[in-house]
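Look at the model below and follow its parts in turn. We will go from a sheet to its helices, and then to other regions.

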Amino acid sequence: MADLKDLYQQIVLDHNRAPRNFKKIPNASHTAEGTNPLCGDDITLYVTVEGNVIKDVGFQGKGCAISQASASLMTSTVKGKTTEEAESLFRAFHDMVAGGPDAPADDKTLGKLAALAGVKRFPARVKCANLPWHTLHAALTGSDEPASTE
Amino acid sequence: MTMVRQASAAATAARTAAQPMLDVERVRTDFPLLMQHRDGKPLVYLDNAATTQKPQVVVDSVKQYYEGYNANIHRGVYKLSQQATDAYEAARVKLQRFVNAAQPHEIIFLRGVTEAVNLVAHSFGRTSLVAGDEVVISAMEHHSNIVPWQIVCEATRARLRIVPMTDEGELELDEFEGLISAKTKLVALVHVSNSLGTINPIKEMVAIAHGHNVPVLVDGAQATPHMAVDVQDLDCDFYALSGHKMFGPTGIGILYGKAELLNAMPPYQGGGEMIRSVCFDKTTYAPLPAKFEAGTPNIAGAIGLGAAVDYLNGMSWDAIHAHEDDLLRYATESLETIPGLHVLGTAKEKASVASFVLDGVHAHDIGTIVDKEGVAIRTGHHCTQPVMERLGVPATARASFAFYNTREEVDALVRAVHRVHEVFS
């Protein structure tokens, strides 16, 4: 069960059970939708950016524990960060989960996002963890196309 | 299943008394992949509705073709080509007998059900549909029997009508008849639902459609691994199957069509093999079945599918039904003992598919956790998003059984699902 404990760490299960920032922001400056068409996971992300700082961020949607926890951890991490900082977290997060089983995690940059490091050993679940980040990227870059990890 | 259950009570009783038992342990030795262990645990393969495992005789038949008589068919005057042609055409006759078609040229080899539906949608659909016409499909179709019709309906400005389904996962037959009108040009129905296991009353539905002179296409992908199919008895106009769902290779399947309809339809793809003569002014087409088999076909696949049919012919459908019905009943009862678990799809006539959800846990998490126990099941929408929408769930976990599965494997699944609760507690 060691591997499964790596994937479903207590902090992941906690964020899945009680997701933070699970809310719609009515007057958000940026919004985007993301879907994993093969899984049926979907997420809508609301971001309020002032200057280049993410003042508020919320999400709604449904999906597996990994996608829900990832969205919850992401929103609580990027709040108060600049959009550039958020994009660089996305790159670090992506490298951690999609870099193969031996990918090193930049724990200093990632902080509690490192709780999802176990995903790298479950290739079928990488897109679950990445979906909220792709959606955030789409929201910040103003893409009209729904985000997808396919 | 259908055939057994429709028999009279007396006949059923007589059959039960003499019912051949399936020697599952012996049957399993025919399937090399089932002997595997993963992470030290025996592989428990319960994703048969996605694809089935292949018996050694199927693997060997493909290997023998490539090693012994690989040549292109129908064109060569040399012996090797004749040998390959004979094997390919012999496979067609095997498939003809398997579905009891009247003539071998009513069997078109193609990639599988997806290509078969696209063939009928484009060849029959585009030439018979005009603005305002209607195509009737059901609420439990696989995307492969929805999207081709949407594409053709959009191009012709025809309309798609949907036969609704009950909470139990049965089609509403009263509604079905009401949907058919003078505007209806075709009915396209799934024989057995891949996500719920429901066996639809196809013969009855064909009779209703024919009462209005409307032809019927049947998606038989999930039926042919579980039951004998007789297209003349069903009286359907088109019937499609996929080889890999019935213990044959991937990339091969058939479209059965009544000769009269197929003859009247234009070609679906142009190319080699499907012509009588080509000149720049006018090309004339070959007769059936070549008209619909443009290009070099999947020769090895057709031979392998023929071997799968031979393999199934060596078994007893009655024994398969008895075994699979027992597995389904046992799996349903065992799964329902797990707290918070709900089996979806409780039709009276069901093939051996158990789709389920677990309160508070997404299907993907179930799939990952049971995989660690060596149990392979499918999770997601199973290419039936409208079914998920209808039942109000984003996804399900689905265990689908073949005749080579055992009660012990059901036990392994149930133990593995209990682990889900442990992880999420």
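How many bridges join strand 13 of chain B to strand 14 of chain B? There are 4, and the two strands run antiparallel. Keep in mind that this is a predicted model.

Strand 14 covers residues 353–358. One bridge here can be named: B:L344 has B:S355 in strand 14 as its partner. As a general point, strands of a sheet pair through backbone hydrogen bonds, either parallel or antiparallel.

**Helices across the sheet**

The crossing is right-handed. From helix 14 come B:D365, B:I366, B:I369 and B:V370. They meet residues of helix 16 including B:L413, B:A416 and B:R419. By class, the residues of this contact divide into 8 nonpolar, no polar and 2 charged.

**A loop residue**

B:M315 sits in the loop between helix 12 (299–313) and helix 13 of chain B. Is B:M315 buried or partly exposed? B:M315 has 13 C-beta neighbours inside 10 Å, so it counts as partly exposed. B:M315 and B:V27 are 288 residues apart along the chain, yet their C-alpha atoms are separated by 9.7 Å.

**Helix 6 and its surroundings**

Helix 6 of chain B spans residues 113–128. Its 16 residues should span 22 Å at 1.5 Å a residue, and the end C-alpha atoms are 21 Å apart, which agrees. Why is helix 6 of chain B described as largely enclosed by the rest of the structure? The reason is that 12 of its 16 residues are buried. Among them are B:V113, B:L119 and B:F124. What do these buried residues pack against? Their partners in chain B include strand 4 (107–110), helix 7 (147–156), strand 7 (184–190) and strand 8 (216–219).

Strands 7 and 8 of chain B pair with each other in the parallel sense, over 4 bridges. B:L189 stands opposite B:V218 in strand 8. Both faces of strand 8 are covered. B:V216 and B:V218 are buried on one side, and B:L217 and B:D219 are buried on the other.

**Where the chains touch**

Now turn to both chains. The contact takes 15 residues from chain A and 13 residues from chain B. Which helix gives the most to the side of chain A that touches chain B? Helix 1 (residues 2–7) of chain A does, with 3 residues. By class, this side of chain A has 10 nonpolar, 2 polar and 3 charged residues.

Conventions. Residues numbered from 1 in each chain as written. Chains lettered and ligands numbered in written order. Predicted model: local features only at pLDDT ≥ 70, side-chain atom pairs only at ≥ 80, totals over all residues. Pairing = 2+ DSSP bridges. Contact = placed C-beta atoms within 7 Å. Nonpolar A, V, L, I, M, F, W, Y, C, P; charged D, E, K, R; others polar. Expected span 1.5 Å × (residues − 1). Buried ≥ 20, exposed ≤ 12 C-beta atoms within 10 Å, placed from the backbone. Left-handed = near helix turned anticlockwise from the far one by under 90°.
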